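Reader: I want to learn how to read helix packing, cores and chain contacts. Where do we start?

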Amino acid sequence: MSWEAAVELAVQRAGFWLIHLNRVAALVLVALVSLLFFCRMALLRLSRGRLAGRVAGYPPLPRLDGMLLLSGGLLAVSGYWALKPDEAFYRTVGGAAFAENDFRRAITFYEPLVHWGSRTPDVYHQLGRSYLALGRCRPALSVLDRAFALPGGESADARVLSAVGHECVGDVPRALSDLERALALSRVPEQQEAIRAHAEGLRRRFPRPGA
Amino acid sequence: MTAPWPRRIPRLRLGEYLALAWLVAAGLLFLAAGRWEPRIGGEVGRGYFPFLQVFLLIVSVSLLRLALLGVGKLAATWRLVAGGDAAAAEGALGFSEEARLLRQIGGFVRDCAPLYLILFVYPTSDLLIDALQGTRLVDDWLIRADLALFGGHWTVWAERFVSPLLTELLSLCYFLHIVIPPLIVLAVGLVGPRALFVETIEGFVLISLLGVSLYVVFPAVGPYQALAHLYTRDLAGGVLQEVNRVVIEATRVPRDAFPSLHVGISALLLVYAFRAGRWLGLLVLPPIVGNWLATVYLRYHYTIDLVAGFLLAAAVYELVRRWTRRFPEVSPSPPA
């Protein structure tokens, strides 16, 4: 890599990380403030019996309940946003790791997105590929099944991946059915040819009993 | 009796009116062209603008103060529950400090709101030029104006000074233009009266809007491309020139030569920096002057662009000053 390209990459990475950390810091701080306020209101509310008569300025019960509800709601919303992975960031970093064949690292970034219910089929496909590359066939199948349930999540490529996964766990009939589905989805003659060859190879290696 | 309808219109500040007016106009145009969503989505996704990042950082610092206050309050509440005295009760049950901090954050966010809106303006100029001007460029006019007014091209004349060290130094100054305006606005906010902070933001918003409008009216790519055939020497810089090139290419729009907002914005903010404190003005003066020189040396602008930038800065300064005097009720008063 030339030094100009290295400088360009370094500048882009520095900016990218700065933006991400800035966003995370703001979201985490909002959640922290909400948590502290909620704990304080909860403590005051729970100690009502001991404090209400003794301490001047103890808030009236409806006001205290209102603040408790408000802080609880704020905590739920801000906590969700603070914990939810930054999809653009995770996808970019996961994609970079995947492009470098660093599948373990790719999985660490794609997995949280899938756990938080990403609606982007590519995330599921890349995670499935990463699992398969590391020989983890069952998690790959589970992720691909979730991808197929998403709008636009079923493609010829993804079905071929699923076939590889089923072959890996020894479920040849499911692998063949995936390949048939992939053939139906594919619009590229070269890909259709490759899928047919794959299916034929499978049938030869695992002939049906009595066939 | 209800107030007559004009009095029910919320009283906005100059910058807020301007930013909203531009957003509505640009939004309607993009909606008509069917290009609103991808463009705005892209700009929100980029989010690298220094202003946005700096102000997010400031909000985070205020939130940190709020969190530290929250820890203290929680500890006081715990002491009160454990049988503490009146001091603990005051700490646990009082909300005035939180309210004050929250008001501070809210006020700051409102003061900066035009800046957030204006972030969309600069990149939209490219689409507006496409929509209104197509591929038309006015570089020829600007070149002719330079020849008529200044007898030649300063960017070509400046070739005699080209050296790797100077290229690096002026690249740094040009690059710092991205960093220095947010820092000046921040410093004015920290050390100056709030009224001056708001005036600074209004000035920044107005000059950005007028500058970008002029980009749309006079689209030009600048001497770096239009006069390329006249240059005989390479600028021969190093890492700093490369960093500057990468950052400027990533953040600029392609037809942003006339007027030079590098000159206009920095000149305007320099005045506000001096008003906030002489030391602040003197501190930012060298990189700002370097930035002015860099616009010519690095071949980004024609001489006429610089003149237009300075004139624009002077006009905006006067306009904002008059506006804030005319409508003092919408600008916060200086603290007593």
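Author: Start with axes. An axis is a line fitted to C-alpha atoms, for helices over the stretch in contact, and angles run from 0 to 180 degrees between N-to-C directions. Helices (H or I, at least four residues) and strands (E, at least two) are DSSP runs, numbered from the N terminus. This is a predicted model: local features need pLDDT of at least 70, side-chain atom pairs count only at pLDDT 80 or more, and totals for chains, interfaces and linings use all residues. Residues are numbered from 1 along each chain as its sequence is written, and chains are lettered from A and ligands numbered from 1 in the order in which they are written.

Reader: At what angle do the axes of α10(B) and α11(B) cross?

Author: Roughly 155 degrees, with the axes of α10(B) (residues 164-191) and α11(B) (residues 194-217) coming within 8 Å. Angles under 35 degrees count as roughly parallel, over 145 as roughly antiparallel, 65 to 115 as roughly perpendicular and the rest as oblique. α10(B) and α11(B) are therefore roughly antiparallel.

Reader: Which residues in α10(B) and α11(B) meet?

Author: Contact needs C-beta atoms, placed from the backbone, within 7 Å. Pro181(B), Val185(B), Val188(B) and Gly189(B) come from α10(B); Leu196(B), Phe197(B), Thr200(B), Ile201(B) and Phe204(B) come from α11(B). By class, this contact has seven nonpolar, two polar and no charged residues. Ala, Val, Leu, Ile, Met, Phe, Trp, Tyr, Cys and Pro count as nonpolar, Asp, Glu, Lys and Arg as charged, and the others, Gly among them, as polar.

Reader: Which residues touch the most other members of the largest nonpolar core?

Author: First, burial. A residue is buried if 20 or more other C-beta atoms lie within 10 Å of its own, exposed if 12 or fewer, and partly exposed in between; C-beta atoms are placed from the backbone. A nonpolar core is a set of buried Ala, Val, Leu, Ile, Met, Phe, Trp, Tyr and Cys residues joined through C-beta atoms within 7 Å. Here the largest has 55 residues, and Ile184(B), Val205(B) and Ala273(B) touch the most other members. α11(B) gives the most to this core, eleven residues. Beyond four places in sequence, Val205(B) touches Gly15(B), Leu18(B), Ala19(B), Pro114(B), Leu115(B) and Ile118(B).

Reader: How many helices and strands are there in chain B?

Author: There are 16 helices and zero strands. Buried residues make up 38% of the 336 residues in chain B.

Reader: How many residues does the contact take from chain A and from chain B?

Author: Chain A gives 28 residues and chain B gives 27. On the side of chain A that touches chain B, α1(A) gives the most, with 20 residues.

Terms used: Two residues are in contact if their C-beta atoms, placed from the backbone, lie within 7 Å.
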